[in-house]
Amino acid sequence: MKNLNKSSWLALILIAAATPAAADPRIASPNDSTCARGGSPAVLVHVVGLKNGAGTVRVQAYGPGGASFLQKGKWAARVDVPAGGRRDFDVCLPLPAAGDYAIAVRHDANANKKSDWNDGAGFSHNPKLSILGRPKFAQTAVPVQRGTTRLSVMMNYRSGLTVGPVG
């Protein structure tokens, strides 16, 4: 390495900069076919009640078990899907193993990748939401085995000091 000239070092730096970082293996494609194939643990989430078809929808699974529920970066699997004008749609989320998972759905209505007052949220088992607190893992946990587990998540949005479905 000591014998490299300036142009060789520059070439190495450019190659390193051009090499993409390894993708997070927990992030699934919005076109994943695991739910259609079956066999592997997966959740097919029917997202219902988006207040508009703009922005993006993020579906995340926390688990198995509830130790890291809703902790930043501690999710087990995630997929981001453009709303594409739709107010409801299905999202397939492959999971790393069977177990109890909580599913959290977030509608980033303006696609700015930040949580805003106009964004929506929903969870598996559709617990009643409040601006003062989050649901517990036990309220939202879904047992997932091999194959596809189907569930529906109703989106909720802030309206004044309350949180609930639109309309």
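The model is a predicted one, so local features need pLDDT of at least 70 and side-chain atom pairs count only at pLDDT 80 or more, while totals for chains, interfaces and linings use all residues. Residues are numbered from 1 along each chain as its sequence is written, and side-chain values use heavy atoms, with hydrogens and water left out.

Let's start with the overall layout. The protein chain has three helices and ten strands; these are DSSP runs numbered from the N terminus, with at least four residues (H or I) for a helix and at least two (E) for a strand. Reading along the sequence gives the pattern α-α-β-β-β-β-β-β-α-β-β-β-β. Of the 167 residues in the protein chain, 38% count as buried, where buried means under 20% relative accessible area, exposed means over 50% and partly exposed lies in between (1.4 Å probe, protein chains only). Contacts come next, meaning heavy atoms within 4.5 Å. Among those in the protein chain between residues at least 6 apart in sequence, 70% join residues at least 24 apart.

Now for a sheet. Three strands make up an open sheet in the order S4-S1-S8, with mixed pairing; two strands pair if DSSP finds at least two bridges between them. Strands S4 (89-94) and S8 (148-154) sit at the edges, each pairing on one side only. From one strand to the next, the twist averages 25°, with axes taken as lines fitted to C-alpha atoms (for helices over the stretch in contact) and angles running from 0 to 180 degrees between N-to-C directions. Strand S1 (residues 42-48) runs parallel to S8, and seven bridges join the two. One of these contacts involves Leu-44, whose bridge partner in S8 is Arg-150.

The aromatic side chains are worth a look too. A search of the whole structure turns up three aromatic pairs. Rings of Phe, Tyr and Trp (its six-membered ring) pair if their centres lie within 6.5 Å; planes under 30 degrees apart count as stacked, over 60 as edge-to-face and the rest as tilted. The ring centres of Tyr-62 and Phe-69 are 5.8 Å apart with planes at 90°, so this pair is edge-to-face. Phe-69 and Phe-137 are edge-to-face as well, because their centres are 5.7 Å apart and their planes at 75°. Phe-69 lies in the loop between strand S2 (56-62) and strand S3 (77-82), and Phe-137 lies in helix H3 (residues 137-140), so the pair ties together parts that are 68 residues apart in sequence. Tyr-62 is buried at 5% relative accessible area, Phe-69 is buried at 14%, and Phe-137 counts as buried at 16%. Ring pairs link Tyr-62, Phe-69, Phe-123 and Phe-137 into a cluster.

Charges meet rings as well. Arg-26 lies over the face of Trp-75, 3.7 Å from the ring centre, and the charged end of Arg-86 sits over the ring of Phe-89, 4.1 Å from its centre. The test is that NZ of Lys or CZ of Arg is within 6 Å of the ring centre and within 35 degrees of the ring normal.

Finally, the whole-structure search finds one disulfide, defined as a pair of cysteine sulfur atoms within 2.5 Å. Cys-35 and Cys-92 form it, with their sulfur atoms 2.2 Å apart. Cys-35 is in helix H2 (residues 34-37) and Cys-92 in strand S4, so the pair links distant parts of the chain, 57 residues apart. The link is right-handed, with 90° about the S-S bond. Cys-35 and Cys-92 are both buried.
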